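Here is a quick tour for someone meeting this structure for the first time. Have a look at the model, and then we'll go through a few of its residues together.

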Amino acid sequence: DIAEEDKASAAELGQSLFVGRDEHTGAAGERFDDLAAGRWDHLLSEAFRPLEARARRIEAPGGVPGAVWRDWAAPEGATGRPLLMLHGGSGSWTHWIANIDALNQTRRVIAIALPGAGESPDLAPPQTVAEIAWILRKGMAALVPPDGPDHGAADGAYDMVAFSFGTSSAAALAMADSVAVL
């Protein structure tokens with residue numbers, strides 16, 4: 001048996017924890033994957049509840065469904081352009097928890113749970129990078145409009161940082177949106 005504290009630790013880190021193996025097939029035994037099951041309350045551990053509380057949670061910015069966004073306002077006097085953070089294929093905005101506070105010192109930070117990941121709903125098949133880029137483009141146009149009051153860049157430009165699958169989405173977005181900088 002796995003200790004309850006080990007289950008909680010894995011859940012807090014947003015990780016899947018597999019316990020045991022079938023001796024004949026080698027398949028994983030019992031699986032604890034609270035992220036995939038959508039049980040978010042205890043995943044938001046005390047360590048990053050304050051970070052989550054400071055963010056504005058946004059569903060369907062500009063009326064475009066398909067993703068859940070988190071938006072940390074730029075501090076007064078910030079000079080950096082807004083930053084969009086895109087996670088890997090099986091993650092969520094929480095992949096960036098170690099980076100958000102530092103980056104938010106000088107700029108507005110926007111993190112997304114890409115479609116089908118974290119709290120975001122799945123897209124209807126077939127899911128394409130182009131479809132995700134369209135959702136990102138429309139969402140960012142609503143969140144960071146040119147000459148918007150709190151976006152931090154007069155031209156509506158923003159920077160992006162990404163890894164793994166998020167990089168594919170970011171590259172497709174950068175090709176479609178001239179104000180996005182990868």
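## A buried tryptophan

Let's start with tryptophan 72, which is buried at a relative accessible area of 1%. Buried here means under 20% relative accessible area, exposed means over 50%, and partly exposed is anything in between, using a 1.4 Å probe and protein chains only.

Before going further, keep in mind that this is a predicted model: local features need pLDDT of at least 70, side-chain atom pairs count only at pLDDT 80 or more, and totals for chains, interfaces and linings use all residues. Residues are numbered from 1 along each chain as its sequence is written, and side-chain values use heavy atoms, with hydrogens and water left out.

## Rings that pair up

How many aromatic pairs does a search of the whole structure find? The search turns up two. Rings of Phe, Tyr and Trp (its six-membered ring) pair if their centres lie within 6.5 Å; planes under 30 degrees apart are stacked, over 60 edge-to-face, and the rest tilted.

Tryptophan 72 belongs to a tilted pair with tryptophan 93, at 5.5 Å centre to centre and 50° between the planes. This pair links distant parts of the chain, 21 residues apart: tryptophan 72 sits in strand S4 (residues 68-72), while tryptophan 93 is in the loop between strand S5 (83-86) and helix H4 (97-103). Helices (H or I, at least four residues) and strands (E, at least two) are DSSP runs, numbered from the N terminus. Tryptophan 93 is buried too, at 1% relative accessibility.

## The edge-to-face pair

Now for tryptophan 96 and phenylalanine 163: their ring centres are 5.4 Å apart and their planes meet at 65°, so this pair is edge-to-face.

## Two residues of helix H6

Glycine 166 is in helix H6 and is buried, at 0% relative accessibility. Setting aside neighbours within four places in sequence, glycine 166 is in contact (heavy atoms within 4.5 Å) with Leu86, His87, Gly88 and Leu114. Glycine 89 is 77 residues away from glycine 166 in sequence, yet 6.8 Å away in space, C-alpha to C-alpha.

Serine 169 lies in helix H6 as well, buried with a relative accessible area of 0%. Not counting residues up to four places away in sequence, serine 169 touches Leu86, Leu114, Val129, Ile132, Ala133 and Leu136.
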